[in-house]
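Colleague: I am new to this structure. Could you show me how to read its features, one at a time?

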Amino acid sequence: MHKLPIYQVDAFADRPFTGNPAAVVPLHSWLPAAVMQAVAAENNLSETAFFAPEGAGYRIRWFTPTLEVDLCGHATLASAFIILTELQPGLSAVGFESRSGHLSVSRDGELFCLDFPSRPPERVAPVPGLAAALGVEVAETWQARDLIAVLASEDAVRGLQPDMAALSGIEAFSVVATAAGRSVDFVSRCFAPKEGIPEDPVTGSTHCSLAPFWAGRLGRTKLHARQLSARGGELFCELQGARVKIAGRAVKFSSGWFLIPE
C-alpha cells in the first residue's frame, strides 16, 4: 500500500464547522485520474483538490465525488492555505496551473486571496422549469458556466427549498440563486445535484460570475458577499478587468494519511 497525506480544510470560514470543507492531497507525482476520482468519491466532500509541483509552483486538479471540474475556488483556497501555512510557510503567495489557466493565491494576514478569471454572465430567456424547481419566482435569468437566478430579496434566497430532482434536469453545471443583501452587497446559494453536490456550502468559482454581475448592477468593483448555506461563508470580491479577486479565511479541520494500492 502507498501512503499519502491528506488534509481537510474549511474554506471561506473563520472557525471550524462553517464555510466549505475541501480535501487537499499534496502529490510529488500524479496519480491516475481514476484513482483520484475514487479518492474524491471516498472523501464524499464537494471537492477534493490534488496538486503536484510544476515549474515555480504547482498544477492543481479538482474532483467532485462524480467528476473532474475545470475550476474550484474553495478547494484552491484550501490548497493554498496548506501550502502557505504548513508546506512552505515562508511564502506569501503561490501559483497554480490548471484547466482554467494560471491561478494565484496570495496571503494578507488571515485572508487568502484568489486571483481567478472573470466570467461575466449574459442575460438569457427564462428557463422552462427553473422557477418550479426552485419553488420561487425568478426575476431574471443569467448564464455563464452556471445558471444564475436573480431573486427578489435576501429572504427569498435564504428560504429556498429546491426540488433537487427537478434541478437535476436543468441544463447547467449548477444553479445559483442570488439577490441583493441587507448587511452585505449580495447573497447567494449554489445547487449542483447533477454533479453530485445538492447544495455547495460556499462556492468561490461562482463568484467569477456573481462579482462582475453585481459590480455592474451596484456600480462598484469591491464587493462583500455571503453564501447563505446552512454552514455559511463570507467572501470579499474585487473585479479587476478580466480577473476577479476572491478573498476569504480558512481553518484546518484535520490531517492524516490515506492508503492506496501500489
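Colleague: Start with the second largest cavity. Which residues line the second largest cavity?

Modeller: This is a predicted model. A cavity is space that a 1.4 Å probe fits but cannot leave. Here the lining runs through L167, I170, A172, F173, S174 and V175, then F191, A192, P193 and K194. The space in this second largest cavity is about 40 Å³.

Colleague: How does its lining divide into nonpolar, polar and charged residues?

Modeller: Eight are nonpolar, one is polar and one is charged.

Colleague: How many cavities of 30 Å³ or more does the structure hold?

Modeller: Two. The largest cavity has about 110 Å³ of space. Its lining counts 17 residues. E47, F173, I197, D200 and T203 lie nearest the centre.

Colleague: Which elements supply at least two residues of that lining?

Modeller: Helix 2 (73-87), strand 13 (186-192) and strand 14 (197-200) each do. By class, the lining of the largest cavity has six nonpolar, seven polar and four charged residues.

Colleague: On to strands. How should I read strand 11?

Modeller: Look at which way the side chains point, then at the neighbours. Strand 11 covers residues 147-150. L147 and A149 point one way, while I148 and V150 point the other way.

Colleague: Are those four residues of strand 11 buried or exposed?

Modeller: All are buried. Buried means under 20% relative accessible area.

Colleague: Which strands pair with strand 11?

Modeller: Take strand 10 (residues 140-143) and strand 12 (residues 175-180) in turn. Strand 10 pairs with strand 11 in the antiparallel sense, over four bridges. A hairpin of three residues joins strand 10 to strand 11. W142 has I148 as its bridge partner in strand 11.

Colleague: And in which sense do strand 11 and strand 12 run?

Modeller: Parallel, with four bridges joining them. In strand 12, A177 is the bridge partner of A149.

Colleague: Now a helix. What should I know before reading one?

Modeller: An α-helix has 3.6 residues a turn, so residues three or four places apart point the same way.

Colleague: How many residues of helix 6 are buried?

Modeller: Nine of its 12 residues are buried, so helix 6 (residues 207-218) is mostly covered, with buried meaning under 20% relative accessible area. The buried residues are H207, C208, S209, L210, A211, P212, F213, W214 and A215.

Colleague: What comes just after helix 6?

Modeller: G219 does, with a positive phi of about 75°.

Colleague: Last topic: pockets. How do they differ from cavities?

Modeller: A pocket is an open set of points, whereas a probe in a cavity cannot get out. The largest pocket here has a volume of about 240 Å³. It is lined by 13 residues, and L4, P26, L27, H28 and S29 lie nearest its centre. Strand 1 (2-11) and strand 3 (48-54) are the elements that give two or more residues to this lining. Strand 1 gives the largest share, three residues.

Colleague: Which classes make up the lining of the largest pocket?

Modeller: It has 10 nonpolar residues, three polar and no charged ones.

Colleague: What is the volume of the second largest pocket?

Modeller: About 160 Å³. Of the 15 residues lining the second largest pocket, F12, D14, R226, G233 and E234 are closest to its centre. Strand 16 (residues 233-240) gives the largest share of that lining, three residues. The classes are four nonpolar, five polar and six charged.

Conventions. Residues are numbered from 1 along each chain as its sequence is written. This is a predicted model: local features need pLDDT of at least 70, side-chain atom pairs count only at pLDDT 80 or more; totals for chains, interfaces and linings use all residues. Side-chain values use heavy atoms; hydrogens and water are left out. Buried means under 20% relative accessible area, exposed over 50%, partly exposed in between (1.4 Å probe, protein chains only). On a 1 Å grid over the protein atoms alone, a cavity is a set of points where a 1.4 Å probe fits but cannot get out, and a pocket is an open set with protein on both sides within 12 Å along at least five of seven lines; lining residues have an atom within 4 Å of a point. Grid points are joined across faces, edges and corners, and a volume is the space filled by probe spheres set on the points. Ala, Val, Leu, Ile, Met, Phe, Trp, Tyr, Cys and Pro count as nonpolar, Asp, Glu, Lys and Arg as charged, and the others, Gly among them, as polar. Two strands pair if DSSP finds at least two bridges between them.
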